[in-house]
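Have the sequence and the 3D view open side by side for this one.

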Amino acid sequence: MLDWDNPLGDKDKTTAKPPVVPLDLKLQEPEEQLVSIAAEPLPEIMTATKTIPQVQSPIESAQHPTAGIQQRATTLSSSQGSTPLNDTLASSTKPVNVSDKRVINGTTDVNQLAPFKYPWAWEYFLNANKNHWTPLDINMAQDVHDFNHSLTDDEKHVYTNVLAYLTTSDILAMRNIGLAVMEKMTAPELQIYQARQVYEEALHTWTYQHCIETMGLDQSEIYNRYRVVPAINQKIQVANRRLNSVLRPDIDLNNPEELSNFVMAYMFFGGIFEGCWFYNGFSPIFALQRRGLMKGTAEQLQYIMRDEVMHASFGIRVVKEIIQENDVALDPQAIREMWDEAEAAEHGYAHYILQKPILGYSAEDHIEQFRFIANRRARQLSLEEPFPGARDTLPWLDEQANMRKEKNFFETRVTEYQTGGALNWDQ
(Lines give C-alpha, C1' and ligand atoms only; values in the text may rest on other atoms or scores of the structure.)
Protein backbone atom coordinates (compact mmCIF):
# COMPACT_ATOMS: atom_id res chain seq x y z
CA MET A 1 0.00 0.00 0.00
CA LEU A 2 1.40 3.37 -1.00
CA ASP A 3 1.55 5.80 1.91
CA TRP A 4 1.16 9.29 0.46
CA ASP A 5 2.34 10.83 3.72
CA ASN A 6 5.77 9.39 2.96
CA PRO A 7 5.91 8.36 -0.73
CA LEU A 8 9.69 8.34 -0.73
CA GLY A 9 9.83 5.85 2.14
CA ASP A 10 12.27 5.89 4.98
CA LYS A 11 15.20 4.64 2.95
CA ASP A 12 17.49 6.64 0.71
CA LYS A 13 17.73 4.35 -2.28
CA THR A 14 21.06 5.67 -3.46
CA THR A 15 24.33 4.35 -2.07
CA ALA A 16 26.35 7.11 -3.69
CA LYS A 17 28.60 9.25 -1.52
CA PRO A 18 28.39 11.95 -0.45
CA PRO A 19 24.69 11.64 0.38
CA VAL A 20 22.12 14.10 -0.86
CA VAL A 21 21.27 17.13 1.22
CA PRO A 22 19.42 15.92 4.35
CA LEU A 23 15.68 16.17 3.97
CA ASP A 24 13.60 18.08 6.44
CA LEU A 25 10.33 16.88 5.47
CA LYS A 26 7.00 16.97 6.95
CA LEU A 27 5.10 19.97 5.68
CA GLN A 28 2.04 20.60 7.77
CA GLU A 29 -0.30 21.36 4.89
CA PRO A 30 -3.37 19.20 4.13
CA GLU A 31 -2.60 18.65 0.45
CA GLU A 32 0.99 17.73 1.17
CA GLN A 33 -0.20 14.37 2.42
CA LEU A 34 0.09 13.63 -1.30
CA VAL A 35 3.79 14.24 -1.53
CA SER A 36 6.79 15.04 0.62
CA ILE A 37 8.27 18.35 -0.45
CA ALA A 38 11.65 17.75 1.09
CA ALA A 39 14.29 20.42 1.13
CA GLU A 40 16.68 22.35 3.25
CA PRO A 41 15.56 25.94 3.95
CA LEU A 42 16.36 28.50 1.32
CA PRO A 43 19.37 30.70 1.86
CA GLU A 44 18.34 34.06 3.23
CA ILE A 45 17.05 36.12 0.35
CA MET A 46 19.53 38.80 -0.60
CA THR A 47 18.85 41.95 -2.56
CA ALA A 48 20.09 41.71 -6.10
CA THR A 49 19.66 43.77 -9.21
CA LYS A 50 17.71 41.80 -11.78
CA THR A 51 16.86 42.71 -15.36
CA ILE A 52 14.21 40.68 -17.16
CA PRO A 53 14.97 40.66 -20.89
CA GLN A 54 12.49 42.25 -23.24
CA VAL A 55 10.43 39.74 -25.17
CA GLN A 56 7.86 39.88 -27.93
CA SER A 57 4.19 40.18 -27.13
CA PRO A 58 2.75 37.12 -25.35
CA ILE A 59 -0.01 36.42 -27.86
CA GLU A 60 2.29 36.81 -30.83
CA SER A 61 4.88 34.54 -29.30
CA ALA A 62 2.29 31.95 -28.31
CA GLN A 63 1.45 31.53 -32.01
CA HIS A 64 4.97 30.29 -32.68
CA PRO A 65 5.78 27.73 -29.97
CA THR A 66 8.66 26.16 -31.92
CA ALA A 67 10.38 29.40 -32.81
CA GLY A 68 14.03 29.36 -31.83
CA ILE A 69 14.43 25.62 -31.32
CA GLN A 70 17.23 25.40 -33.87
CA GLN A 71 18.86 28.49 -32.42
CA ARG A 72 18.72 26.96 -28.93
CA ALA A 73 20.48 23.87 -30.21
CA THR A 74 23.18 26.07 -31.70
CA THR A 75 23.53 27.99 -28.44
CA LEU A 76 23.88 24.81 -26.40
CA SER A 77 26.72 23.64 -28.60
CA SER A 78 28.52 26.97 -28.83
CA SER A 79 30.35 26.55 -25.51
CA GLN A 80 31.83 23.29 -26.82
CA GLY A 81 32.90 24.58 -30.22
CA SER A 82 31.29 22.50 -32.95
CA THR A 83 30.58 19.57 -30.64
CA PRO A 84 27.12 19.41 -28.99
CA LEU A 85 27.17 19.65 -25.20
CA ASN A 86 25.59 16.24 -24.59
CA ASP A 87 28.02 14.56 -26.98
CA THR A 88 30.95 16.18 -25.22
CA LEU A 89 29.78 15.00 -21.79
CA ALA A 90 29.01 11.53 -23.05
CA SER A 91 32.40 11.15 -24.74
CA SER A 92 34.30 11.13 -21.44
CA THR A 93 35.36 7.74 -20.08
CA LYS A 94 35.70 9.05 -16.54
CA PRO A 95 33.08 7.55 -14.18
CA VAL A 96 30.34 9.92 -13.02
CA ASN A 97 30.86 11.16 -9.48
CA VAL A 98 27.53 11.83 -7.81
CA SER A 99 28.91 14.87 -6.01
CA ASP A 100 29.57 16.51 -9.38
CA LYS A 101 25.94 16.33 -10.48
CA ARG A 102 23.92 19.55 -10.37
CA VAL A 103 20.37 20.59 -11.21
CA ILE A 104 21.61 23.10 -13.80
CA ASN A 105 25.02 24.05 -15.20
CA GLY A 106 26.30 20.55 -14.43
CA THR A 107 29.23 18.93 -16.22
CA THR A 108 28.42 15.24 -15.77
CA ASP A 109 27.02 12.98 -18.48
CA VAL A 110 23.32 13.78 -18.79
CA ASN A 111 22.75 10.43 -20.51
CA GLN A 112 23.72 8.46 -17.38
CA LEU A 113 20.90 8.08 -14.89
CA ALA A 114 22.71 6.59 -11.90
CA PRO A 115 24.23 7.11 -9.43
CA PHE A 116 21.42 9.37 -8.22
CA LYS A 117 22.11 12.66 -6.55
CA TYR A 118 18.41 13.48 -6.43
CA PRO A 119 16.67 10.18 -5.58
CA TRP A 120 13.55 12.09 -4.59
CA ALA A 121 13.11 13.07 -8.25
CA TRP A 122 13.19 9.41 -9.30
CA GLU A 123 10.57 8.63 -6.64
CA TYR A 124 8.31 11.32 -8.09
CA PHE A 125 8.56 9.56 -11.44
CA LEU A 126 7.84 6.13 -9.97
CA ASN A 127 4.83 7.40 -8.03
CA ALA A 128 3.50 9.30 -11.05
CA ASN A 129 3.51 6.06 -13.03
CA LYS A 130 1.40 4.38 -10.36
CA ASN A 131 -1.26 6.98 -11.08
CA HIS A 132 -2.89 6.70 -14.48
CA TRP A 133 -6.28 7.61 -15.84
CA THR A 134 -7.91 8.95 -19.00
CA PRO A 135 -10.98 11.16 -19.40
CA LEU A 136 -12.80 8.23 -21.00
CA ASP A 137 -12.82 6.44 -17.64
CA ILE A 138 -15.44 8.82 -16.20
CA ASN A 139 -19.13 8.66 -17.06
CA MET A 140 -20.24 12.09 -18.29
CA ALA A 141 -23.88 11.26 -19.14
CA GLN A 142 -25.32 13.00 -16.07
CA ASP A 143 -23.20 16.09 -16.79
CA VAL A 144 -24.83 16.44 -20.20
CA HIS A 145 -28.24 16.37 -18.53
CA ASP A 146 -27.15 18.79 -15.82
CA PHE A 147 -25.70 21.27 -18.29
CA ASN A 148 -28.80 21.29 -20.49
CA HIS A 149 -31.51 21.05 -17.84
CA SER A 150 -30.18 21.93 -14.38
CA LEU A 151 -27.57 24.68 -14.58
CA THR A 152 -28.66 28.30 -14.50
CA ASP A 153 -27.27 30.76 -17.03
CA ASP A 154 -24.87 32.07 -14.39
CA GLU A 155 -23.65 28.55 -13.63
CA LYS A 156 -23.15 27.85 -17.35
CA HIS A 157 -21.13 31.05 -17.55
CA VAL A 158 -18.90 29.79 -14.74
CA TYR A 159 -18.53 26.30 -16.21
CA THR A 160 -17.67 27.35 -19.77
CA ASN A 161 -15.22 30.06 -18.76
CA VAL A 162 -13.36 27.81 -16.34
CA LEU A 163 -12.86 25.40 -19.25
CA ALA A 164 -11.89 28.28 -21.56
CA TYR A 165 -9.11 29.28 -19.18
CA LEU A 166 -7.89 25.77 -18.43
CA THR A 167 -7.64 24.66 -22.08
CA THR A 168 -4.95 27.23 -22.80
CA SER A 169 -3.28 27.09 -19.38
CA ASP A 170 -2.32 23.42 -19.48
CA ILE A 171 -0.73 23.88 -22.91
CA LEU A 172 1.27 26.75 -21.43
CA ALA A 173 2.35 24.51 -18.56
CA MET A 174 3.34 21.79 -21.03
CA ARG A 175 5.41 24.21 -23.12
CA ASN A 176 7.09 25.63 -20.03
CA ILE A 177 8.32 22.24 -18.79
CA GLY A 178 8.96 20.68 -22.19
CA LEU A 179 10.60 23.59 -24.00
CA ALA A 180 11.91 26.03 -21.39
CA VAL A 181 12.81 23.99 -18.30
CA MET A 182 13.57 20.38 -19.14
CA GLU A 183 16.41 21.10 -21.59
CA LYS A 184 18.22 23.16 -18.94
CA MET A 185 18.32 20.36 -16.35
CA THR A 186 21.67 18.54 -16.16
CA ALA A 187 20.59 15.63 -13.96
CA PRO A 188 18.59 13.03 -15.92
CA GLU A 189 16.49 11.93 -12.92
CA LEU A 190 14.95 15.41 -12.99
CA GLN A 191 14.32 15.32 -16.72
CA ILE A 192 12.64 11.94 -16.54
CA TYR A 193 9.97 13.13 -14.12
CA GLN A 194 9.54 16.30 -16.17
CA ALA A 195 8.94 14.14 -19.25
CA ARG A 196 6.12 12.46 -17.36
CA GLN A 197 4.85 15.90 -16.38
CA VAL A 198 4.72 16.95 -20.04
CA TYR A 199 2.58 13.87 -20.76
CA GLU A 200 0.26 14.67 -17.86
CA GLU A 201 -0.26 18.25 -19.06
CA ALA A 202 -1.21 16.85 -22.47
CA LEU A 203 -3.60 14.43 -20.75
CA HIS A 204 -5.20 17.34 -18.88
CA THR A 205 -5.66 19.21 -22.16
CA TRP A 206 -7.39 16.14 -23.60
CA THR A 207 -9.67 16.11 -20.55
CA TYR A 208 -10.84 19.69 -21.07
CA GLN A 209 -11.34 18.98 -24.77
CA HIS A 210 -13.38 15.89 -23.85
CA CYS A 211 -15.60 17.95 -21.52
CA ILE A 212 -16.12 20.66 -24.16
CA GLU A 213 -16.95 18.11 -26.84
CA THR A 214 -19.21 16.06 -24.57
CA MET A 215 -21.25 19.13 -23.60
CA GLY A 216 -21.65 20.02 -27.28
CA LEU A 217 -20.04 23.44 -26.86
CA ASP A 218 -18.74 25.53 -29.75
CA GLN A 219 -15.07 24.58 -29.65
CA SER A 220 -13.84 27.51 -31.70
CA GLU A 221 -15.66 29.99 -29.49
CA ILE A 222 -14.48 28.38 -26.23
CA TYR A 223 -10.86 28.08 -27.29
CA ASN A 224 -10.72 31.66 -28.55
CA ARG A 225 -12.01 33.18 -25.34
CA TYR A 226 -8.50 33.52 -23.99
CA ARG A 227 -7.89 35.99 -26.81
CA VAL A 228 -11.10 37.99 -26.61
CA VAL A 229 -11.99 37.93 -22.89
CA PRO A 230 -9.65 40.41 -21.13
CA ALA A 231 -9.90 38.72 -17.72
CA ILE A 232 -8.75 35.39 -19.15
CA ASN A 233 -6.22 36.96 -21.47
CA GLN A 234 -4.57 38.84 -18.61
CA LYS A 235 -3.67 35.62 -16.79
CA ILE A 236 -2.36 34.03 -19.99
CA GLN A 237 -0.23 37.08 -20.78
CA VAL A 238 1.34 37.09 -17.32
CA ALA A 239 2.33 33.44 -17.77
CA ASN A 240 3.47 33.89 -21.36
CA ARG A 241 5.77 36.75 -20.39
CA ARG A 242 7.47 34.58 -17.78
CA LEU A 243 7.73 31.68 -20.21
CA ASN A 244 9.09 33.72 -23.09
CA SER A 245 11.78 35.30 -20.93
CA VAL A 246 13.40 31.86 -20.46
CA LEU A 247 12.51 30.39 -23.86
CA ARG A 248 15.03 32.64 -25.64
CA PRO A 249 17.80 30.95 -27.67
CA ASP A 250 20.55 33.10 -26.13
CA ILE A 251 19.84 32.41 -22.44
CA ASP A 252 22.98 31.77 -20.37
CA LEU A 253 22.37 30.33 -16.89
CA ASN A 254 25.96 31.03 -15.92
CA ASN A 255 25.01 34.70 -15.96
CA PRO A 256 23.67 35.66 -12.49
CA GLU A 257 20.93 37.89 -13.86
CA GLU A 258 19.78 35.26 -16.34
CA LEU A 259 19.85 32.60 -13.65
CA SER A 260 17.85 34.79 -11.26
CA ASN A 261 15.26 35.36 -13.97
CA PHE A 262 15.05 31.62 -14.68
CA VAL A 263 14.51 30.88 -11.00
CA MET A 264 11.79 33.52 -10.80
CA ALA A 265 10.07 32.08 -13.88
CA TYR A 266 10.22 28.52 -12.53
CA MET A 267 9.05 29.77 -9.12
CA PHE A 268 6.09 31.45 -10.82
CA PHE A 269 5.05 28.33 -12.70
CA GLY A 270 5.53 25.95 -9.78
CA GLY A 271 4.33 28.18 -6.96
CA ILE A 272 1.65 30.33 -8.62
CA PHE A 273 0.59 29.02 -12.02
CA GLU A 274 0.23 25.39 -10.93
CA GLY A 275 0.36 25.83 -7.16
CA CYS A 276 -2.26 28.60 -6.89
CA TRP A 277 -4.06 29.34 -10.14
CA PHE A 278 -4.66 25.68 -11.01
CA TYR A 279 -5.25 24.54 -7.45
CA ASN A 280 -7.75 27.31 -6.80
CA GLY A 281 -9.03 27.34 -10.38
CA PHE A 282 -10.92 24.06 -10.10
CA SER A 283 -12.94 25.23 -7.11
CA PRO A 284 -15.93 26.74 -9.02
CA ILE A 285 -16.61 23.32 -10.57
CA PHE A 286 -16.17 21.64 -7.19
CA ALA A 287 -18.76 24.06 -5.80
CA LEU A 288 -21.23 22.72 -8.38
CA GLN A 289 -20.26 19.15 -7.50
CA ARG A 290 -21.01 19.77 -3.83
CA ARG A 291 -24.61 20.46 -4.88
CA GLY A 292 -24.80 17.28 -6.95
CA LEU A 293 -24.15 19.00 -10.30
CA MET A 294 -21.52 18.28 -12.99
CA LYS A 295 -20.09 15.43 -10.94
CA GLY A 296 -18.32 13.80 -13.89
CA THR A 297 -16.46 16.99 -14.79
CA ALA A 298 -15.57 17.52 -11.13
CA GLU A 299 -14.17 14.00 -10.89
CA GLN A 300 -12.02 14.67 -13.95
CA LEU A 301 -10.70 17.79 -12.23
CA GLN A 302 -10.01 15.87 -9.02
CA TYR A 303 -7.67 13.59 -10.95
CA ILE A 304 -6.01 16.62 -12.53
CA MET A 305 -5.73 18.36 -9.16
CA ARG A 306 -3.76 15.45 -7.74
CA ASP A 307 -1.33 15.64 -10.65
CA GLU A 308 -0.96 19.39 -10.24
CA VAL A 309 -0.16 19.09 -6.54
CA MET A 310 2.72 16.81 -7.53
CA HIS A 311 3.84 19.24 -10.25
CA ALA A 312 3.82 22.20 -7.87
CA SER A 313 5.63 20.20 -5.21
CA PHE A 314 8.33 19.11 -7.65
CA GLY A 315 8.77 22.60 -9.08
CA ILE A 316 9.15 24.14 -5.62
CA ARG A 317 11.71 21.49 -4.65
CA VAL A 318 13.77 22.07 -7.82
CA VAL A 319 13.71 25.85 -7.33
CA LYS A 320 15.02 25.48 -3.79
CA GLU A 321 17.76 23.10 -4.95
CA ILE A 322 18.87 25.59 -7.63
CA ILE A 323 18.97 28.43 -5.11
CA GLN A 324 21.08 26.37 -2.71
CA GLU A 325 23.50 25.03 -5.31
CA ASN A 326 24.07 28.37 -7.02
CA ASP A 327 23.70 30.87 -4.15
CA VAL A 328 21.03 32.67 -6.15
CA ALA A 329 20.24 36.16 -4.86
CA LEU A 330 16.59 37.00 -5.45
CA ASP A 331 15.22 40.52 -5.50
CA PRO A 332 12.62 40.86 -2.70
CA GLN A 333 10.84 43.60 -4.63
CA ALA A 334 10.56 41.34 -7.69
CA ILE A 335 9.06 38.60 -5.51
CA ARG A 336 6.54 41.06 -4.05
CA GLU A 337 5.59 42.25 -7.54
CA MET A 338 5.14 38.63 -8.67
CA TRP A 339 2.58 37.97 -5.93
CA ASP A 340 0.79 41.28 -6.51
CA GLU A 341 0.56 40.74 -10.26
CA ALA A 342 -0.79 37.23 -9.73
CA GLU A 343 -3.39 38.49 -7.26
CA ALA A 344 -4.51 41.29 -9.60
CA ALA A 345 -4.95 38.83 -12.46
CA GLU A 346 -6.88 36.42 -10.23
CA HIS A 347 -9.06 39.29 -8.98
CA GLY A 348 -10.09 40.23 -12.51
CA TYR A 349 -10.68 36.61 -13.49
CA ALA A 350 -12.80 35.86 -10.41
CA HIS A 351 -15.03 38.87 -10.95
CA TYR A 352 -15.53 37.90 -14.59
CA ILE A 353 -16.43 34.23 -14.13
CA LEU A 354 -18.49 35.01 -10.99
CA GLN A 355 -20.20 38.20 -12.13
CA LYS A 356 -23.11 36.95 -10.08
CA PRO A 357 -22.47 34.57 -7.18
CA ILE A 358 -23.62 31.01 -7.59
CA LEU A 359 -25.08 29.13 -4.64
CA GLY A 360 -22.30 28.59 -2.10
CA TYR A 361 -19.58 30.42 -4.03
CA SER A 362 -18.67 34.04 -4.78
CA ALA A 363 -15.84 36.05 -6.33
CA GLU A 364 -14.80 37.20 -2.85
CA ASP A 365 -14.53 33.56 -1.72
CA HIS A 366 -12.36 32.77 -4.73
CA ILE A 367 -9.98 35.70 -4.27
CA GLU A 368 -9.52 35.18 -0.54
CA GLN A 369 -8.83 31.48 -1.12
CA PHE A 370 -6.18 32.43 -3.67
CA ARG A 371 -4.46 34.55 -1.02
CA PHE A 372 -4.66 31.71 1.49
CA ILE A 373 -3.10 29.21 -0.94
CA ALA A 374 -0.48 31.80 -1.98
CA ASN A 375 0.63 32.04 1.65
CA ARG A 376 0.97 28.25 1.74
CA ARG A 377 3.14 28.23 -1.38
CA ALA A 378 5.30 31.06 0.02
CA ARG A 379 5.92 29.06 3.18
CA GLN A 380 6.91 26.05 1.11
CA LEU A 381 9.34 28.27 -0.78
CA SER A 382 10.71 29.61 2.53
CA LEU A 383 9.46 33.08 1.63
CA GLU A 384 7.46 35.56 3.67
CA GLU A 385 3.70 35.20 3.37
CA PRO A 386 2.51 37.73 0.78
CA PHE A 387 -0.99 38.05 2.25
CA PRO A 388 -0.79 37.78 6.06
CA GLY A 389 -4.09 36.93 7.69
CA ALA A 390 -5.74 35.50 4.56
CA ARG A 391 -8.62 33.20 5.47
CA ASP A 392 -9.38 29.68 4.32
CA THR A 393 -12.75 30.47 2.75
CA LEU A 394 -13.04 27.05 1.08
CA PRO A 395 -12.02 24.56 3.77
CA TRP A 396 -13.39 21.73 1.63
CA LEU A 397 -10.97 22.44 -1.24
CA ASP A 398 -8.09 20.32 0.08
CA GLU A 399 -10.50 17.40 0.45
CA GLN A 400 -11.08 17.36 -3.31
CA ALA A 401 -7.76 15.60 -3.83
CA ASN A 402 -9.15 12.64 -1.87
CA MET A 403 -10.66 10.22 -4.37
CA ARG A 404 -11.73 7.56 -1.85
CA LYS A 405 -15.51 7.50 -1.88
CA GLU A 406 -18.43 5.15 -2.33
CA LYS A 407 -19.66 4.76 -5.89
CA ASN A 408 -22.85 3.32 -7.26
CA PHE A 409 -21.82 0.77 -9.88
CA PHE A 410 -24.80 1.67 -12.07
CA GLU A 411 -24.12 5.42 -11.96
CA THR A 412 -20.41 5.60 -12.68
CA ARG A 413 -17.58 3.39 -13.68
CA VAL A 414 -15.50 2.52 -10.65
CA THR A 415 -11.93 3.61 -11.41
CA GLU A 416 -8.85 3.14 -9.30
CA TYR A 417 -6.55 6.10 -9.89
CA GLN A 418 -3.51 4.27 -8.57
CA THR A 419 -2.91 1.16 -10.62
CA GLY A 420 -0.37 -0.14 -8.12
CA GLY A 421 -2.78 -0.54 -5.21
CA ALA A 422 -4.89 1.36 -2.72
CA LEU A 423 -3.89 4.84 -1.64
CA ASN A 424 -3.52 5.59 2.04
CA TRP A 425 -5.04 9.05 2.47
CA ASP A 426 -6.23 8.83 6.04
CA GLN A 427 -2.95 8.82 7.96
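First, the ground rules. This is a predicted model, so local features need pLDDT of at least 70 and side-chain atom pairs count only at pLDDT 80 or more, while totals for chains, interfaces and linings use all residues. Residues are numbered from 1 along each chain as its sequence is written, and side-chain values use heavy atoms, with hydrogens and water left out.

Zoomed out, the protein chain has 15 helices and two strands; these are DSSP runs numbered from the N terminus, with helices being H or I of at least four residues and strands E of at least two. Of its 427 residues, 56% count as buried, where buried means under 20% relative accessible area, exposed means over 50%, and partly exposed lies in between (1.4 Å probe, protein chains only).

Now for the inside. A nonpolar core here is a set of buried Ala, Val, Leu, Ile, Met, Phe, Trp, Tyr and Cys residues joined through side-chain atoms within 4.5 Å. The largest one has 111 residues, and L190, F273 and W277 touch the most other members. Helix α11 (residues 256-281) gives the most to this core, with 15 residues. Click on W277 and look around: leaving out residues up to four places away in sequence, W277 touches Y165, K235, V238, F268, I272, A342, A345, E346 and F370.

Y165 also turns up where two helices meet. α6 and helix α14 (residues 332-353) pack at an angle of about 145 degrees, with axes 9 Å apart; axes are lines fitted to C-alpha atoms, for helices over the stretch in contact, and angles run from 0 to 180 degrees between N-to-C directions. On the α6 side the contact uses H157, V158, N161, V162 and Y165, and on the α14 side Y349, Y352 and I353. These divide into six nonpolar, two polar and no charged, with Ala, Val, Leu, Ile, Met, Phe, Trp, Tyr, Cys and Pro counting as nonpolar, Asp, Glu, Lys and Arg as charged, and the others, Gly among them, as polar.

Helix α6 (residues 153-181) has another partner, helix α5 (residues 141-150), at about 135 degrees and with axes 9 Å apart. The contact is made by F147, N148 and S150 of α5 and E155, K156, Y159 and T160 of α6, dividing into two nonpolar, three polar and two charged.

Finally, the loops. Is K101, a lysine, buried or exposed? K101 is buried, with a relative accessible area of 1%, and is found in the loop between α3 (85-91) and α4 (119-129). Among the residues K101 touches are T108, Q112, P115 and E189. P115 is in that loop too, and the peptide bond from A114 to P115 is cis, with omega near 5 degrees. N105, also placed there, has a positive phi of about 55 degrees although it is not a glycine. S382, in the loop between α15 (363-380) and β2 (423-424), has phi near 60 degrees and counts as partly exposed at 32% relative accessibility.

Technical notes
Contact = heavy atoms within 4.5 Å.
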